[in-house]
Every structure is written in C-alpha cells, then in structure tokens.
Amino acid sequence: MFEQLESRYGDLQAAMQWFVDEGRTDEALRLATALAPVWTATKRLDEGSEWFDRTLASPGGDDAHRGRASFAGGMLAFWKGND
C-alpha cells in the first residue's frame, strides 16, 4: 500500500497546495488528516507538521474538519516530542 502512495505522493502534495492556494480549506484539512498516518509511519513528522500549519492557517473550513485536523496535527507534534 505504501508503495502506491509513494508513487503518487508528489500528486498528493500538489493537490494539497492547490487546495490551500484556491481557498478550499475543507479539502486541504481532510487531505492533511488522511495523510497523518502516512507521515507518522514514514517518519515525515516535520513535513506533516508543516502541512498542518499551512492548512490550519487557511481561513474558513468546517469546524468538524478543523477539529480533526487539529487533533491529527497535535498527534504529529506529540510524536516529534513537542508535547
């Protein structure tokens, strides 16, 4: 499964950047939340944290999506030792 994700990882990053740039905050938050386990499993904690910083700084977005993203971003910070 990770092999398929790795082969499309650049596309996922480009999609997330596009969502942020276009103000599609809900989609950016949902994608970041979905990628949190990948960032954790592949030890890309800094990269994941940076994406959460960008997406959570975006205006708007549904409170439920924002809450899930805040939790997932907090877990990445915890695993980085920023508890």
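Thr55 lies in helix α3. Thr55 is buried, with a relative accessible area of 0%; buried means under 20%, exposed over 50%, and partly exposed in between (1.4 Å probe, protein chains only). The model is predicted, so local features need pLDDT of at least 70 and side-chain atom pairs count only at pLDDT 80 or more, while totals for chains, interfaces and linings use all residues. Residues are numbered from 1 along each chain as its sequence is written, and side-chain values use heavy atoms, with hydrogens and water left out.

**Helices and how they cross**

- Helices are DSSP runs of H or I with at least four residues, strands are runs of E with at least two, and both are numbered from the N terminus.
- Helix α3 covers residues 45-57. Helix α4 covers residues 63-80.
- The axes of α3 and α4 come within 9 Å and cross at roughly 150°. That makes α3 roughly antiparallel to α4.
- Axes here are lines fitted to C-alpha atoms, for helices over the stretch in contact, and angles run from 0 to 180 degrees between N-to-C directions.
- Angles over 145 degrees count as roughly antiparallel, under 35 as roughly parallel, 65 to 115 as roughly perpendicular, and the rest as oblique.
- The axes of α2 and α3 come within 10 Å and cross at roughly 165°. Therefore α2 and α3 are also roughly antiparallel to each other.
- α3 passes α4 in a left-handed crossing. α2 passes α3 in a left-handed crossing too.
- A crossing is left-handed if the near helix is turned anticlockwise from the far one by less than a right angle, and right-handed if clockwise.

**Salt bridges**

- A salt bridge is a side-chain nitrogen of Lys or Arg within 4 Å of a carboxyl oxygen of Asp or Glu. By this rule the model has four salt bridges.
- One of them joins the side chains of Arg44 and Glu6, at 3.0 Å from N to O. Arg44 sits in the loop between α2 (25-41) and α3, and Glu6 sits in helix α1 (residues 2-21), so the pair ties together parts that are 38 residues apart in sequence.
- Glu6 counts as partly exposed, at 35% relative accessibility.
- Another joins Asp46 and Lys80, whose closest N and O atoms are 3.2 Å apart. Asp46 lies in helix α3 and Lys80 in helix α4, so this pair ties together parts that are 34 residues apart in sequence.
- Lys80 counts as partly exposed, at 33% relative accessibility.
- Arg8 and Asp11 also meet in a salt bridge through their side chains (2.8 Å, N to O). Both residues lie in helix α1, three residues apart, about one turn of the helix.
- Asp11 is partly exposed, with a relative accessible area of 43%.

**Surface**

- Phe71, Met75, Phe78 and Trp79 make a nonpolar surface patch of about 460 Å².
- Patches are made of residues with over 30% relative accessible area and no salt bridge; like charges are joined within 9 Å, and nonpolar side chains (Val, Leu, Ile, Met, Phe, Trp, Tyr) within 5 Å.
- Accessible areas come from the Shrake-Rupley method with a 1.4 Å probe, and for residues only the protein chains shown count as cover.
- Phe71 is placed in helix α4. Phe71 counts as exposed, at 60% relative accessibility.
- Arg68 lies in helix α4 as well. Arg68 is partly exposed, with a relative accessible area of 46%.

**The loop between α2 and α3**

- Lys43 is found in this loop, between α2 and α3.
- Lys43 has a positive phi of about 60°, although it is not a glycine.
- Lys43 is exposed, with a relative accessible area of 68%.

**Distances in sequence and in space**

- Thr55 and Thr25 are 30 residues apart in sequence and 6.8 Å apart in space, C-alpha to C-alpha.
- Thr33 lies in helix α2. Thr33 counts as partly exposed, at 24% relative accessibility. Thr33 and Gly60 are 27 residues apart in sequence, and their C-alpha atoms are 16 Å apart.
- Gly10 lies in helix α1. Gly10 is partly exposed, with a relative accessible area of 43%. Gly10 and Ala36 are 26 residues apart in sequence and 15 Å apart in space, C-alpha to C-alpha.
- Arg68 and Lys80 are twelve residues apart along the chain, and 19 Å separates their C-alpha atoms.
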